[in-house]
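Please open the model in your viewer and keep the selection panel at hand. The tour moves from one selection to the next and says what is found at each stop.

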Amino acid sequence: MQLSLDPTLYEEQQAIFVREMVQSVRVKLQEAGLDGAKLEEAAAGIAFSIASMIDDTAAIEAGGCEVHPYLTFRTADGVLTHCGENSYTHEFVYEALEQIIQERAD
């Protein structure tokens, strides 16, 4: 595998990834019977928590073993794209949720 530094492509991939994650969480909560403000608040909270874990901004530890994720994206055969630092997917959560809500309102 080749590791490619491309912050612009990486940011595009993060935004797409987060949108799909938020949408998946939202659909599952809707299927569980949530709607309205409770649905949106729960979806945002869950997605933000997951994103924080992926971004290594939430402490992950079990049995004395610390875990530090580092997100990359496969952007071509044999190519993993990164941005040179930890991901920042949590920054896209609320924007993605707002876009999804707006699209449903249109």
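Two strands are said to pair if DSSP finds at least two bridges between them, and the elements named here are DSSP runs numbered from the N terminus, helices being H or I with at least four residues and strands being E with at least two. This is a predicted model, in which local features need pLDDT of at least 70 and side-chain atom pairs count only at pLDDT 80 or more, whereas totals for chains, interfaces and linings use all residues. Residues are numbered from 1 along each chain as its sequence is written, and side-chain values use heavy atoms, with hydrogens and water left out.

Select β1 and β5 (residues 79-82) to begin: four bridges join these strands, which run parallel, and L5 stands opposite H82 in β5.

Next, select α1, which packs on the sheet and touches β1, β4 and β5, contact meaning heavy atoms within 4.5 Å. The direction of α1 makes about 120° with that of β4, where axes are lines fitted to C-alpha atoms, for helices over the stretch in contact, and angles run from 0 to 180 degrees between N-to-C directions.

Now select α2 (residues 36-54), whose 19 residues reach 27 Å from the first C-alpha to the last, close to the 27 Å expected at 1.5 Å a residue, that expected span being 1.5 Å times one less than the number of residues. Colour its buried residues (under 20% relative accessible area, with exposed over 50% and partly exposed in between, for a 1.4 Å probe and protein chains only), among them L39, E40 and I54; the buried residues of α2 pack against α1 (7-31) and α3 (93-105). Finally, select D56, which follows α2 and has a positive phi, near 65°.
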